[in-house]
Amino acid sequence: MQKYTLKHLQELESESIYVLREVFAQFENPAILFSGGKDSIVLTHLARKAFYPAKIPFPLFHVDTGHNFPETINFRDSLVDKLGVKLIVGSVQKSIDDGRVKEERGINASRNQLQTTTLLDTIEEHQIDCAMGGARRDEEKARAKERFFSHRDDFGQWDPKNQRPELWNLFNGRKVMGEHFRVFPISNWTEMDVWQYILAEKIDIPGLYIAHEREVVWRNDTWIPVSDYINLRDDEEVVKKKVRFRTLGDITITGGVESEADTLEKIVEEVAAARQTERGNRADDKRSETSMEDRKKEGYF
Amino acid sequence: MSSYLDMELLRFTTAGSVDDGKSTLIGRLLFDSKSIFEDQMDQVKKTSQKRGLDHTELALLTDGLRDEREQGITIDVAYRYFATPKRKFIIADTPGHIQYTRNMVTGASTANLAVILVDARNGVMEQTCRHSIIASLLQIPHVVVCVNKMDLVDYSEEAFDKVVEEYEAFAAKLDVKDIRFVPISALHGDNVVNRSKNMDWYEGPTLLNTLETIHIGSDENHIDCRFPVQTVIRPHSDEFHDYRGYAGRIAGGVYKPGDEVTVLPSGFQSKIKEITTFDGALEEAFAPMSVTLTLEDDIDVSRGDMIVRTNNQPDMEQDVEFMMCWLHNEPPRPRAKYIVRQTTNEARAMIKDIQYKMDINTLHRIEDDKSIEMNDIARVKIRTTKPLLTDPYRRNRHTGSLILIDEATNDTVAAGMII
Ligand SMILES: Nc1nc2c(ncn2[C@@H]2O[C@H](COP(=O)(O)OP(=O)(O)O)[C@@H](O)[C@H]2O)c(=O)[nH]1
C-alpha cells in the first residue's frame with residue numbers, strides 16, 4: 001500500500017496543477033501575476049508542467065512599480081523569452097503620469113499602495129477575467145482565509161464576509177461581466193515548501209535571493225538596498241553587507257537579511273532555522289496590524 | 001533535509017463548541033512545535049498586554065480578520081500550516097457558532113482527520129454530537145477526540161474515562177472507522193506536543209504524536225479507476241504535431257499504459273497509450289496525481305468526460321440522490337434551477353424531492369418539516385439535464401461530491417454527498 005502514496009511536495013504540486021487547469025477551463029482570459037519573486041516563479045514553473053507539452057496558455061502580467069531591482073527585470077525578460085509567452089506590463093509610473101494616483105512623499109514613501117490602481121486599470125484594459133497570483137495562506141493572517149478562487153466585485157474589491165464557500169476541489173468561477181477572479185494555485189504551500197521545491201526542481205531564481213555583497217542602509221530594523229529611488233537621511237550610513245532577500249518587492253522598502261547562504265541548500269537550512277516571518281522585513285506590512293487586510297479589501301494582490 | 005522531502009501531508013480539521021479551547025489548542029500546537037515566528041509572537045504578546053491579560057493568549061495566534069477581532073469571534077474557515085520532521089500539516093480551522101455547520105462541512109471536505117474537542121468538565125454535549133455527525137457525514141477517515149481542560153478536573157482518570165464511555169456509546173451510531181482519545185490541557189500543554197507529567201495513568205501517544213503517525217496511506221481509493229477530464233492539451237507545435245492529451249487529476253485507482261479504458265458518457269473504448277508529465281512518461285499513476293493521458297484511438301473526448309477502466313464503471317444517472325448541506329442564507333426557491341458541479345462536469349438541475357431533514361445533533365429524521373435553511377442537512381433528489389458520472393461518496397470522496405450553484409446569483413449554495 002505504501003507504494004501508492006505521494007510525498008507532500010508531490011501532493012502540493014498535483015493540487016496546484018489541478019487549479020491551474022481549472023483556471024484554463026473556466027476562464028476566457030486569465031493571466032499570471034508575475035512579480036519576479038520566487039512565488040510567482042514557482043507558479044510559472046507549475047503552469048509549464050500543467051500544460052506540457054503545450055506552451056503556457058496565459059500571458060505573464062507584471063505590475064511594474066518602476067522601483068525594481070534591475071535583476072528582477074532582467075530575469076523577467078529572459079524567462080518570457082524562454083517560455084515564449086506574452087508579457088503584459090502595468091506601469092505605476094504611467095498611472096502617476098496620467099494623474100490616476102499620487103506619489104507618496106517622505107522618507108518611507110513607497111509605491112506599494114499605488115500598485116492597486118495600476119493593477120485594476122490593467123485588468124480592465126486587457127479584459128483579464130482571472131489574475132493568478134503566487135500568494136500563500138501562510139504569509140499573513142489576512143491570507144489564511146483566502147480561497148483558491150477569490151471573487152472580486154466590479155470594483156476589484158474583496159469582501160471577506162461574502163466569499164463563496166469552497167468545498168472539496170470543486171471551484172466555482174462563475175461571474176457576471178465586469179467581475180473578475182483572483183486565483184491562488186499555491187495557497188497551501190509554505191515558504192519552506194517553496195524553497196524545497198525550487199531546490200528539488202532546480203528552478204532558476206534571481207540572484208537576489210542568494211547571499212551577495214550589496215550597498216545597504218539600516219532602516220526600519222532591516223537592511224534596505226541603496227538604489228536610485230531612495231532618499232538617504234543625513235544620519236544614515238551606507239555600508240557593504242552580505243545580504244539576501246526573502247521576498248522581492250519595491251526596492252525602496254524591501255529589506256534584506258544578513259546571510260552567508262550563498263547556495264540554495266544553505267538557504268533552505270536558514271529558512272528552517274528562521275525565527276522571523278519573511279514579510280517581517282517588509283515595511284508595508286508593518287504600518288498597522290491589519291494593513292494587509294485593508295489593502296486586500298481595496299483590491300491589492 | 002532529505003527527511004523533509006520524504007514527508008507526507010496530513011490535512012485535519014478542528015471542531016469544538018465556543019470556549020472549549022480550540023484556538024488555544026491550535027496556538028499550543030504551533031507554539032510547542034516551534035512553528036511560530038518571533039514577530040508573530042511579539043504581536044500576540046503586545047495584544048495580550050493591551051487587553052490587560054497577564055498570560056500570553058495563545059488563542060490570538062490563530063485570529064484572522066479584523067472584523068472578527070473586533071467582535072472577538074472567528075467567522076469562517078482559516079487554514080494554518082506547520083511541519084514537524086515527520087509530517088507537514090494543514091489545519092482547516094473552523095469556528096463554532098451559528099454558521100457552524102456550513103464552516104465545518106467546508107473544512108471537513110478536504111480533511112483526512114478531525115480533532116474534536118470536549119471540555120472535560122462538561123463531557124459529551126449536543127455540539128460534540130453535531131461535530132461528530134458532520135465528520136461522519138463527510139467521511140473523514142480518522143477522528144481524534146481531545147478531552148481538554150484536564151487541569152480543571154485534577155487530571156483525573158475517572159473524568160477522562162467517563163467522557164470516553166459517553167462518546168463511545170454515541171459513536172456506535174456513526175460511520176467513522178477510526179476514533180482515538182487523548183486527555184489534554186491546551187492551556188498548560190499537557191499531552192499536546194509534550195507528554196504530561198500530571199497524567200501518568202495515560203499511556204497513549206500525545207496529540208502531536210498521533211497526528212504524526214496515524215496511517216493515511218489508504219485514505220484514497222486505489223481500486224476504482226476514475227479520471228475526470230479537465231481540459232484537452234493540443235500543443236500545435238512541430239515536435240508534438242499530432243499530440244492530443246487529456247489533462248486531469250486522478251480521482252481513483254491506478255492507471256498504466258495499455259489499460260483498456262472506456263470514455264464516458266460516450267462509451268467509446270480504447271487503450272491508454274501514454275501517461276505524459278513534464279518530467280517524463282510514467283509507468284503508472286494513481287490518485288491524487290495530476291497527469292495527462294493519451295489514447296491509442298482518435299476519439300472525441302472533452303472536459304467533463306471521464307476515462308475509466310472498462311470493467312469497472314461509475315453510475316451514470318440523471319436522478320441523483322444525496323445528503324445536502326445548505327450553505328446560503330436564503331432558502332432554496334421553489335422550482336429554482338441550479339448548476340450542479342461534480343468532478344469537472346457541469347449540468348443544470350432542479351431539486352425534485354426533499355425526502356427528510358436530519359437533526360444534526362441526534363441523527364433523527366425530520367419528515368414533517370422540510371423547509372430548508374442555512375446549515376440544514378437534508379436528503380434530497382435532483383434531476384439533471386445530462387447524466388452525471390458518480391460513485392457513492394462513501395466509496396469515493398472525489399466522484400461522490402457535488403456543489404449546487406444558483407444560476408441567478410452565481411453563489412455556491414449547497415454541498416452534496418452522493419448516496
Ligand atoms: N484551565 C484551562 N483553560 C483553558 C484550556 N484551554 C483553553 N482554556 C481557556 O478557555 C478559554 C477559551 O479558549 P479558546 O481557545 O479561546 O476557545 P475556543 O472558543 O474553543 O477557541 C480561554 O480563556 C482559554 O484560556 C485548558 O486546557 N485549561
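Side-chain values use heavy atoms, with hydrogens and water left out, residues are numbered from 1 along each chain as its sequence is written, and chains are lettered from A and ligands numbered from 1 in the order in which they are written. The model scores ipTM 0.93 and pTM 0.91.

For chain A the mean pLDDT is 85, and 88% of its residues reach 70 or more. Within chain A, residues 282–290 have pLDDT below 50, although this stretch makes 32 contacts in the model beyond near neighbours in sequence, a contact being heavy atoms within 4.5 Å. Where pLDDT is low, the predicted coordinates should not be read in detail.

Turning to the interface, 88 residues of chain B are in contact with 72 residues of chain A. The buried area between the two chains is about 7,100 Å², 55% of it from carbon and sulfur atoms; buried area here is the accessible area (1.4 Å probe) that two parts lose on being put together, summed over both. Seven salt bridges are counted between chain B and chain A, each defined as a side-chain nitrogen of Lys or Arg within 4 Å of a carboxyl oxygen of Asp or Glu. One of them joins the side chains of B:K88 and A:D193, at 2.3 Å from N to O.

And what surrounds the ligand? There are 17 residues around it, the closest being B:D19, B:K22, B:S23, B:T24 and B:D151, where near means a heavy atom within 4 Å. A polar side-chain atom of B:D151 lies 2.7 Å from a nitrogen atom of the ligand. On the backbone side, an N or O atom of B:D20 lies 3.4 Å from a ligand oxygen atom, and a backbone N or O atom of B:L187 lies 3.2 Å from an oxygen atom of the ligand. Of the 580 Å² of accessible area that the ligand has on its own, the protein covers 80%, by the Shrake-Rupley method with a 1.4 Å probe.

Key. pLDDT = per-residue confidence, 0-100. Polar contact = N/O pair within 3.5 Å; in protein donor to acceptor, adjacent residues only side chain to side chain.
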